[in-house]
Amino acid sequence: MTAKKFFSKIISPYLWLNLLAMAIIVVLLSLGLRYGLDLYTHHGQTVEVPSIIHKSYNDAEEMLDKVHLNIVVSDTDYVKTLPPDCVLEQSPLEGDIVKPGRIVYVKINAPHTPRRPLPDVIDNCSLRDAQSKLAAMGFLLGEPEYIPGEREWVYGIKCQGKQLATGDRVSIEDELIMQVGDGRRDMGQSVTYVDSNTYDFGEEEEEEETKPAKSRPHYKRQTEVHEESSGHSESVPTTSVSTVQTPIDIPTVQTAPSVPSAPKPVKTE
């Protein structure tokens, strides 16, 4: 490219028009951000939040609309002494300084008592745990009803005479009666009934113990008398040996009888 062509493009009106358009766009964007953002955020504009507690929803909406505030229902609750659709809580609170267009969240009173699902406490926890869970949810609890079962274990819940199940929706104004074990039966133990007429344990052993122990008889042993052919004889005195009586469970050893010595021959003249 020659220098003449280069300088001809630099001084071209098409190039300078493009640069001017770009500059105008940048200036407009800057002014838009500067003033448009203030308009959108209500810069420098504030309003005071009025008190709408215990006002009806329609009255509260009119009061907030006058100060350019919006109202949205975030939750409901139930207070028996207040009329339905009455504002119970508001956020932001009364007297707070906010910008116009701010949303005020309110909690209104329900037209009827709320019904909440029954938690899983039946046959799943003790009396103390069930009471803490139900009380935290706002249920009204009555005196527990004790039935045979494991001590302090929840076996059921009744409401107005009807048996409830887990997940049933119950009004918080209805009284709940928990059926609790009184400890008269341990569910972990099994009971076996035995007929005393059929099973007589220990009688045979007692009969054997009452029987008298047998004793061995006394034995007597005598020595024989030996006579000589000559007519002279010498007799050996008879002796009796008696055995000692021993219990039946101790064996005794019987000794063999003693053999008498032979008589001496008598000399004749």
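Biologist: Let's start with a glycine: where is Gly 149 found?

Modeller: This is a predicted model, in which local features need pLDDT of at least 70 and side-chain atom pairs count only at pLDDT 80 or more, while totals for chains, interfaces and linings use all residues. Residues are numbered from 1 along each chain as its sequence is written, and side-chain values use heavy atoms, with hydrogens and water left out. Helices (H or I, at least four residues) and strands (E, at least two) are DSSP runs, numbered from the N terminus. In this numbering, Gly 149 sits in the loop between β8 and β9.

Biologist: Is Gly 149 buried or exposed?

Modeller: Buried means under 20% relative accessible area, exposed means over 50%, and partly exposed lies in between (1.4 Å probe, protein chains only). The relative accessible area of Gly 149 is 0%, so this glycine is buried.

Biologist: How many Å apart in space are Gly 149 and Gln 179, C-alpha to C-alpha?

Modeller: In sequence, 30 residues separate Gly 149 from Gln 179. In space, their C-alpha atoms are apart by 9.8 Å.

Biologist: How many salt bridges does a search of the whole structure find?

Modeller: A salt bridge here is a side-chain nitrogen of Lys or Arg within 4 Å of a carboxyl oxygen of Asp or Glu. Under that cut-off, the salt bridges in the whole structure number 2.

Biologist: Which residue forms a salt bridge with Lys 107?

Modeller: The closest N and O atoms of this pair are 3.8 Å apart, and they join Lys 107 to Glu 89. The pair links distant parts of the chain, 18 residues apart, with Lys 107 in strand β5 (residues 103-109) and its partner in strand β3. Lys 107 counts as buried because its relative accessibility is 18%. Partly exposed, at a relative accessible area of 45%, is Glu 89.

Biologist: Which side chain meets Lys 158 in a salt bridge?

Modeller: The N to O distance in this salt bridge is 3.0 Å, and the two side chains are those of Lys 158 and Glu 145. Lys 158 lies in strand β9 (residues 154-159) and Glu 145 in strand β8 (residues 145-147), so the bridge ties together parts that are 13 residues apart in sequence. Lys 158 is partly exposed at 23%. Also partly exposed, at 30% relative accessibility, is Glu 145.

Biologist: Which backbone nitrogen does the side chain of Gln 90 reach?

Modeller: Gln 90 belongs to strand β3 (residues 87-91), and it is buried because its relative accessible area is 7%. A polar contact is a pair of N or O atoms within 3.5 Å; within protein, one must be able to donate a hydrogen and the other to accept it, and residues adjacent in sequence count only if both atoms are side-chain atoms. A polar atom of the Gln 90 side chain lies 3.3 Å from the backbone oxygen of Pro 50. At 3.0 Å, the side chain of Gln 90 reaches the backbone nitrogen of Ile 52.

Biologist: Now some backbone geometry: the peptide bond from Ser 91 to which residue is cis?

Modeller: The omega of this bond is near 5 degrees.

Biologist: What is the phi of Asp 85?

Modeller: Asp 85 lies in the loop between β2 (70-77) and β3. It counts as partly exposed because its relative accessibility is 41%. Although Asp 85 is not a glycine, its phi is positive, at about 60 degrees.

Biologist: And what is the phi of Gln 160 near?

Modeller: Gln 160 is in the loop between β9 and β10 (162-163). It is exposed, with a relative accessible area of 64%. This residue, which is not glycine either, has a positive phi near 55 degrees.
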